[in-house]
Amino acid sequence: MLNAVLAFKDYNVIKGIWGSPWVGFKHFQLFFENPQFWTLVKNTIFLSGYLILAGFPIPIILALMINEIRAGRFKKFVQLVSFAPYFISTVVMVSIIMLFLAPRLGFANVALNYFGFESINFLGEPGMFRSIYVWSDIWQTAGYNAVIYLAALAGVDPTLYEAAKVDGASRFQKIRHVDLPGIVPTIVIILILNVGNVMALGFEKVYLLQNPLNLVNSEIIATYVYRIGLLNANYSFATAVGLFNSIINLVLLLTVNGLAKRLTKSSIW
Amino acid sequence: MAAIATSKRRIKESAGDRIFLGFIYVILTLLVIIVLYPLIYIISSSISSPAAVTSGRVWLWPVDLSFRGFEELFRRGEVITGYLNSIFYTTAGTLISVTLTIMIAYPLSRRSFFGRNALMMFITFTMIFSGGLIPTYMVVKGLNLIDTRWALLIPNAIWVWQVIIARSFFQTSIPEELLEASEIDGCSDLRFIWSVVLPLSKPIIAVLVLMYAVGQWNAYFDALIYLKSADLFPLQLILRSIIIQNNSGSNMDAIAMVEKQQLAELLKYSLIVVATLPVLIIYPFVQRYFVQGMLVGSVKG
């Protein structure tokens, strides 16, 4: 991490990290003035925002539903199946996406043709990129994320359920007035962690899904750092960009944490 | 007596409630189908004939059962190399990671350990703030690990999250009194860890082993940036080059082209199955450990 000083220097292979001259905020300035700057920030935030908006409530709903059904084979089966995709690697996940959405032979297009629609080149459409990313992510992680909420639901005081039953609450009212308030602290903590990761969007999957056609929407800060830094060997500049990203993240995390502390009295520390 | 009898009888569900519950069952069944379908589709495709796959005749069950994809797969040297490499990385990496994690987490769980809160803060800090990709790369480069097997085993050997989980486990299930008792009996600290702590910590060790093993097996990014020679590549990287970058690797002559193309398409499905199967087969047996691990972690972060 000490090597982050690179961001403030002009890296020179021969002189090494510590021997290279200091240049202050030059690389940061270069980045802010870069015409790509706003596109990168926009792409990163839109993708994360979409992911949180769509991906955050689903595990909660899933957990509430699983919690409603009686313990038995079906319940175990649902949990087993919904959890499974979590173990698929990013490479395999992207491979599956590509096979399913392939322009000619992909399952999605074969199905579209079958019902008489035109084929769509899903991965070549910049507008489709975010949806593909987000919904495949939900497919993969919703079951895993639901486990946390299920654990929280198991910890809700059973006397509250009895009281609700005696008062004649319907199932839905019980969910609304007992289950949900019971897991609010967990929800808040997960939300904080999610928002704190807005800028630290997983590099791996975005990078694999990228192609020249969808790059307008799919180039995010993390992939940019990789391209500029490691592929073009522009070490100092890329470090500055990466550092900028980390700092924004930290600030976001602290802000949201502070807000949550004030509003709901639960925070991550 | 009468009061007890009525309280034992369940309060009848209203019609609305039963409809609501039915609705939940329907949705959950749909979800199971949505999750399972792609997986079944991939497996079915991988054991269908090349022609059936490319003409889109596979919908759910295999068409014209054939194992040509797998045969072709294991004729390719790079896939075998990748497989062996992945097995090596997973075994060695897990061993290193678990050992190191326990060595960090256990001392941090003891109240008498000097500076433990400061150290814990320091460790947690790395989880929320990092120098970034390039500085990490420079460190690995500075240590001369680039293009060696160590590059995949050392830099990511410890996951902070796992340390936190292990620490809270040790804290809650290995009481200080146990240590005191052993000390009175003349047991050294190392002996205590080996003969008392480890045997008592089997559940958490299981969680650590599984998490690290799956992580190593599925990792590709470190290999992508640190490795250059193809004979060190793990399976995931080979997978990427064949499926995602579409390097089927074979030079095609015009006559056999159609068939080769079909085979290349089939090969992708077989590869996915081969790369994922080890994990998915073990998974149902160890699922409860994963759940357990998450519960331990969520008790106190």
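Modeller: pLDDT is the predictor's confidence in each residue, from 0 to 100. The model discussed here is predicted.

Biologist: What percentage of the residues of chain B reach a pLDDT of 70 or more?

Modeller: Averaged over chain B, pLDDT is 78. The share of chain B residues that reach 70 or more is 83%.

Biologist: Which element of chain B has the lowest mean pLDDT?

Modeller: Mean pLDDT among the elements of chain B is highest, at 88, in helix H5 (residues 77-109) of chain B. Over residues 1-8 of chain B, pLDDT stays under 50, and the model has 0 contacts beyond four places in sequence for them. The lowest mean, 45, belongs to an element at residues 2-8 of chain B, namely helix H1.

Biologist: Which helix supplies the largest share of the side of chain B that touches chain A?

Modeller: The contact involves 54 residues from chain A and 55 residues from chain B. Several helices of chain B each supply at least two residues of its side, including H7 (133-142), H12 (202-218) and H15 (257-299). The largest share, 15 residues, comes from H2(B).

Biologist: How far apart are the end C-alpha atoms of residues 235-260 of chain A?

Modeller: The unreviewed UniProt entry places a "transmembrane region" feature at several spans of chain A, among them residues 235-260. The chain is 100% helix and 0% strand over residues 235-260 of chain A. Their end C-alpha atoms are separated by 37 Å.

Notes
Residues are numbered from 1 along each chain as its sequence is written. Chains are lettered from A and ligands numbered from 1 in the order in which they are written. This is a predicted model: local features need pLDDT of at least 70, side-chain atom pairs count only at pLDDT 80 or more; totals for chains, interfaces and linings use all residues. UniProt positions are given in the numbering used here, feature names are shortened, and annotations may be inferred rather than shown by experiment. Helices (H or I, at least four residues) and strands (E, at least two) are DSSP runs, numbered from the N terminus. Two residues are in contact if their C-beta atoms, placed from the backbone, lie within 7 Å.
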